[in-house]
Amino acid sequence: MGRGKIEIKRIENSTNRQVTFSKRRAGLLKKAHELGILCDAQLGLIIFSSNGKLFEYCTHTSSMRQIIDKYLQVTGTRIPEYNHQQVYSEIAKMKNDYDKLQASMRQYTGEDLTSLSMSDLHELEQQLEASATKVRTRKEELLLQQLENLRRKERILEEQNNHLRHLIQENQAAMENKMADQTMLDQFGGFYQVEQPANMLQLSPLRGFRLQPTQPNLQEVTLQCPGLQL
């Protein structure tokens, strides 16, 4: 069973794309090497990866330069030649500008002032004063920002301190009220404990007793009294 057909389009996943590039590059270089040996062909292969890395191959019988020159000769393509004098002039101008910049930097730091005239020194002084003014202005702006930040933090801390003080006062008031209520309860409790025995009715335990009738018993009277005579 053969492999499925692969759709030829850009691989979105960077890791898979790099792996595929490495494998197919190796295969392409191998095929170029085999083609050069089997067919005695002169060939040059130039590959640039997506990140700009160069890979090249040419047959061992020639160099890449020779193959490129042969290609230009056969196709009639000409590489534009630059005027070397103009290039040297541009390089000299850039070097002169670079030296001037370096001298200006040294002069701004107070070095290499012997070559300056009075007007140059006056101009340099004005430039330094203007630069110092800008530096002081920026420094004042930063100081004002820092001061404003400190004031804002101070207000936040003051608000937090007031809130904590209010909570502490509320807790103290609640504790004082609770202690006052407890004191009153203790006082009233002692009063009841002292007065209660004197005010409460003392009931002694009931002892055995005998009920006495309000009228005498007739039988007892009969028995005790002499008999009546008619």
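**Figure 1. Gln107 and the residues it meets.** Gln107 touches Asp112, Leu113, Ser115, Leu116 and Leu124, leaving out residues up to four places away in sequence; touching, or contact, means heavy atoms within 4.5 Å. This is a predicted model, in which local features need pLDDT of at least 70 and side-chain atom pairs count only at pLDDT 80 or more, while totals for chains, interfaces and linings use all residues. Residues are numbered from 1 along each chain as its sequence is written, and side-chain values use heavy atoms, with hydrogens and water left out. Gln107 sits in helix H3 (residues 84-108). Helices (H or I, at least four residues) and strands (E, at least two) are DSSP runs, numbered from the N terminus. Is Gln107 buried or exposed? It counts as buried, because its relative accessibility is 16%; buried means under 20% relative accessible area, exposed over 50%, and partly exposed in between (1.4 Å probe, protein chains only).

**Figure 2. Helix H3 from end to end.** H3 has 25 residues and reaches 36 Å from its first C-alpha to its last, close to the 36 Å expected at 1.5 Å a residue. That expected span is 1.5 Å times one less than the number of residues. After H3 comes Gly110, with a positive phi near 85°.

Figure 3. Which residues of H2 are buried? They are Met64, Ile67 and Leu72. Seen down the axis of H2, these buried residues fall within an arc of 135°, so they line one face of the helix; the arc is that of the directions from the helix axis to the C-beta atoms. The buried residues of H2 pack against strand E1 (44-48) and strand E2 (54-58). Turned away from that buried side is a face with the exposed residues Arg65, Gln73 and Val74. Just past H2, Gly76 has a positive phi of about 75°.

**Figure 4. The loop between H1 and E1.** Asp40 lies in the loop between helix H1 (14-39) and E1. Most residues other than glycine have a negative phi. Asp40 counts as exposed because its relative accessibility is 69%. Ala41 is found in the loop between H1 and E1 too, and at 27% relative accessibility Ala41 counts as partly exposed. Leaving aside neighbours within four places in sequence, Ala41 is in contact with Leu35, Gly36 and Thr59. Ala41 and Thr59 are 18 residues apart along the chain, with 7.8 Å between their C-alpha atoms.

**Figure 5. The largest pocket.** How big is the largest pocket, and what is its volume? It comes to about 220 Å³. Among the residues lining this pocket are Ile6, Glu7, Arg17 and Lys23. By class, the lining has three nonpolar, one polar and six charged residues. Ala, Val, Leu, Ile, Met, Phe, Trp, Tyr, Cys and Pro count as nonpolar, Asp, Glu, Lys and Arg as charged, and the others, Gly among them, as polar. On a 1 Å grid over the protein atoms alone, a pocket is an open set of points where a 1.4 Å probe fits, with protein on both sides within 12 Å along at least five of seven lines; lining residues have an atom within 4 Å of a point. Grid points are joined across faces, edges and corners, and a volume is the space filled by probe spheres set on the points.
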